[in-house]
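Me: I'm new to this structure and would like to go through it step by step. Could you show it to me, please?

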Amino acid sequence: KFLNLHVHPNLEKNFYFYGIHMQPEMSMEVWAPFVSNQIFIIKTIAKALPPNTNFYVKLHPIDANSWNLKQLKQLSKIPSVKIVSHSANSRIFIEKSEIVFSIQGTIGYEAALLGRKVITFGKNMIEDFDNVYRVQDFNSLKTLILNVSKESFPSKKKIKEGLKKYIKRLYPGPHNNWENNPNKVQINEFASHLVCLINYLK
């Protein structure tokens, strides 16, 4: 059902990227329940993008079969939207995209760490990165996209500062209150699990 609809992307031309989230999933249904309709989100983004834009949409690699043919055709008919293979390497799109869109989840986090511009729809911790912007009002999305497009990509120093803020919110064990600040011991305990990320950014 998917092979007949996906396109071969032109990564040399300016484009935008949205990686579809797996659903149902806690980050969507619990942390972002009011923006979890992904077809609506994709349509909204497409309407706000500049004309004649390539907007690549990629299904989640382990959740592609959750989308039926009717839904896929609905997506493919949205102006600017081009569905790419669910087996394609997301990082290639992230690294070259003008802006990466995300509701919640790790794809926005990965894009933030790679120094890309990210626009999110749900409240999440990656807002600690200077290159991440959250949609406050759907009516202002077009203006937000234009303003973010004019922003410079962050330096490695800025990315590290964002990662430091991100880690500071966290500590071992499940906890969803992101407003609490952990103590130094808790930060060090959690940071030990993220050393690989810090080394990656050196």
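Predicted model: local features only at pLDDT ≥ 70, side-chain atom pairs only at ≥ 80, totals over all residues.

Me: Which strand does helix α6 run at about 160 degrees to?

Reply: Residues are numbered from 1 along each chain as its sequence is written, and side-chain values use heavy atoms, leaving out hydrogens and water. Helix α6 (residues 141-150) lies across β1, β4, β5 and β6, where contact means heavy atoms within 4.5 Å, and helices (H or I, at least four residues) and strands (E, at least two) are DSSP runs numbered from the N terminus. With axes fitted to C-alpha atoms, for helices over the stretch in contact, and angles from 0 to 180 degrees between N-to-C directions, the strand at about 160 degrees to α6 is β5.

Me: Which strands stand at the edges of the sheet?

Reply: The open sheet has 6 strands in the order β3-β2-β1-β4-β5-β6, with parallel pairing; two strands pair if DSSP finds at least two bridges between them. Each edge strand has a single partner, so one side of it is left without a neighbour in the sheet. Those strands are β3 (81-84) and β6 (132-134).

Me: How many bridges join β1 to β2?

Reply: Strand β1 covers residues 15-19 and β2 residues 54-58, and the two run parallel. Tyr16 stands opposite Phe55 in β2, and Tyr18 stands opposite Val57. The number of bridges joining β1 to β2 is 5.

Me: What is the bridge partner of Phe17 in β4?

Reply: β1 also runs parallel to β4, with 2 bridges joining them. The partner of Phe17 there is Val100.

Me: Are the residues of β1 buried or exposed?

Reply: Buried means under 20% relative accessible area, exposed over 50%, and partly exposed in between (1.4 Å probe, protein chains only). Phe15, Phe17 and Gly19 point one way from β1, while Tyr16 and Tyr18 point the other way. On both sides, they are all buried.

Me: How far apart are the axes of α2 and α3?

Reply: Helix α2 (residues 38-48) and helix α3 (residues 69-76) pack at an angle of about 10 degrees. That makes α2 roughly parallel to α3, a label for angles under 35 degrees, with over 145 roughly antiparallel, 65 to 115 roughly perpendicular and the rest oblique. Ile39, Ile42 and Lys43 in α2 meet Gln71, Gln74 and Leu75 in α3. The distance between the two axes is 10 Å.
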